[in-house]
Amino acid sequence: MDIALSDEQKLLQDTAAQLGESVAVNSPESVPSAATLDRQWQRLVELGVPTLRSPELCGLDASGVETAIVIEQLGRTLSAVPVVGQAVLAAELLQAAGCAKDLERLAEGNLRVAPLLNASLSGFAAANEPGVAFDAAGATHALAVACADGQRRLICGPTGGIDGDGAALDLTRQFRYLSADFYNAASIVGEPIDDLRWQRVESLAITAIAADLLGVMQGALDDAVRYACERTQFSAKIGTFQAIQHLLADALVRVEGARSCLWHAAWAIDNLPVDEAKLAAMTAKAYASEAGREVVETSVQVFGGIAITWEHVSHLRLRRMLVDRRLFGDEAILYEAVATLRLADRKLA
């Protein structure tokens, strides 16, 4: 079985990596303004990221793998472009509800809509409860999910403008609190989403956050290795010290483990039964959540004192990793869910 990326996927990876480098966040001062983010969003649209899950728009089969590839490369450079929230999750919700016209507007860059999560960030917000607009930079609308009469429906409403500075742990992404009043101006859009389709939406959401975590980990490891090859102490590069080598080697093992889990989960979204895809997604996110903390903290240790200064990029990675761990459940929640799913179905055990 060949699990390597195809030539087309490698080309997409290289293209996304180049985009990621051009929109990288290297310090708190380099976090882009609203106008700059709008221009960066247009570049994401030109790459076709919002259409990756829409066969009728991109002309290709929906693929979780290509989606994960792009998210990882932008996460690696701590890009502030709202790729996960607006280009992936919002697009998947609209696709699941059959909102063809809204998807076209999103693909053209004319619709900016953010998914609404619950207050704990553990899942999508339910109707008539306060929520948090995730990846909300530039968004004019938000999407929530309502369940009524045994049907799951998508709710879209204006946010009243959710740009501006916000007090969030993650400085590279915008979160905006929306009260229950949001639903007064919101309306149902699209068609009902059946349970099987909804489980794939959830699997994609969990996998997308795992992909961002992997990117953050890879960026942290790359920077730590580069620094270890440059920093001199006691007339020697610190990368020659066995203790540093062991730290970085262990970090690499965790990164590659997370990548293996992620690629399987991304492939499973569209190729395995919904319960197996959900299991793969939760496993990938749980592993990445635990590994992410270890890898990012290792990079802080390698950098030493400079890593705990405001100007250095390390605290931005640490903040993003901690928020990613919380989104759609951390490792404690997901490992328990994995165990429950396996015990309930012997085929998954």
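Trainee: At what angle do the axes of helix 5 and helix 7 cross?

Mentor: Two packed helices are described by the angle between their axes and the distance between the axes. In this predicted model, the axes of helix 5 and helix 7 come within 10 Å and cross at roughly 170°. Angles over 145 degrees count as roughly antiparallel, and helix 5 and helix 7 are therefore roughly antiparallel to each other.

Trainee: Which residues make that contact?

Mentor: Helix 5 contributes Val 84, Val 88, Leu 89, Glu 92, Leu 93, Gln 95 and Ala 96. From helix 7 come Arg 197, Trp 198, Arg 200, Val 201, Leu 204, Ala 205, Ala 208, Ile 209 and Asp 212. By class, the contact of helix 5 with helix 7 holds 11 nonpolar, one polar and four charged residues.

Trainee: How do helix 9 and helix 10 cross?

Mentor: Again, take the angle and the distance. The axes of helix 9 (residues 274-303) and helix 10 (residues 314-326) cross at roughly 165° and come within 10 Å. That makes helix 9 roughly antiparallel to helix 10. The crossing of helix 9 with helix 10 is left-handed.

Trainee: Which residues of helix 9 and helix 10 meet?

Mentor: On the helix 9 side they are Lys 285, Ser 289, Gly 292, Arg 293, Val 296, Val 300 and Phe 303. On the helix 10 side they are Ser 314, Arg 317, Leu 318, Met 321, Asp 324 and Arg 325. The contact of helix 9 with helix 10 has five nonpolar, three polar and five charged residues.

Trainee: Is Ser 289 buried or exposed?

Mentor: The cut-off for buried is under 20% relative accessible area. Ser 289 has a relative accessible area of 0%, so Ser 289 is buried. Not counting residues up to four places away in sequence, Ser 289 touches Leu 213, Arg 325, Gly 329, Asp 330 and Glu 331.

Trainee: How are helix 4 and helix 8 oriented to each other?

Mentor: The axes of helix 4 (residues 64-76) and helix 8 (residues 242-271) come within 7 Å and cross at roughly 140°. Helix 4 and helix 8 are therefore oblique to each other. Gly 64, Val 65, Ala 68 and Glu 72 of helix 4 make the contact with Arg 259, Leu 262, Ala 266, Trp 267, Ile 269 and Asp 270 of helix 8. The contact of helix 4 with helix 8 counts six nonpolar, one polar and three charged residues.

Trainee: Which residues of helix 6 are buried?

Mentor: An α-helix has 3.6 residues a turn, so residues three or four places apart point the same way. In helix 6 (residues 100-108), the buried residues are Leu 103, Leu 106 and Ala 107. They cover an arc of only 100° around the axis, which puts them on the same side of helix 6. These buried residues pack against helix 2 (34-47), helix 3 (55-58) and helix 5 (83-96).

Trainee: What is the phi of the glycine that follows helix 6?

Mentor: Gly 109 follows helix 6 and has a positive phi, near 85°. Most residues other than glycine have a negative phi, and most peptide bonds are trans. Leu 78 has a positive phi near 60°, although Leu 78 is not a glycine. Asn 128, also not a glycine, has a positive phi near 65°.

Trainee: Where do Leu 78 and Asn 128 lie?

Mentor: Leu 78 is in the loop between helix 4 and helix 5, and at 0% relative accessibility Leu 78 counts as buried. Asn 128 is in the loop between strand 1 (113-117) and strand 2 (131-134). With a relative accessible area of 59%, Asn 128 is exposed.

Trainee: Which residues are in contact with Val 216?

Mentor: Sequence separation and spatial separation should be read as two quantities. Val 216, in helix 7 (residues 195-228), is 141 residues from Gly 75 in sequence and 5.3 Å from Gly 75 in space, C-alpha to C-alpha. Leaving aside neighbours within four places in sequence, Val 216 is in contact with Gly 75, Arg 76, Leu 78, Val 296, Arg 317, Arg 320, Met 321 and Asp 324. Val 216 counts as buried, at 0% relative accessibility.

Technical notes
Residues numbered from 1 in each chain as written. Predicted model: local features only at pLDDT ≥ 70, side-chain atom pairs only at ≥ 80, totals over all residues. Heavy atoms only, no water. Axes fitted to C-alpha atoms, helices over the stretch in contact; angles between N-to-C directions. Helix = DSSP H or I, 4+ residues; strand = E, 2+ residues; numbered from the N terminus. Parallel < 35°, antiparallel > 145°, perpendicular 65-115°, else oblique. Left-handed = near helix turned anticlockwise from the far one by under 90°. Contact = heavy atoms within 4.5 Å. Nonpolar A, V, L, I, M, F, W, Y, C, P; charged D, E, K, R; others polar. Buried < 20%, exposed > 50% of the residue type's maximum accessible area, 1.4 Å probe, protein only. Arc of directions from axis to C-beta.
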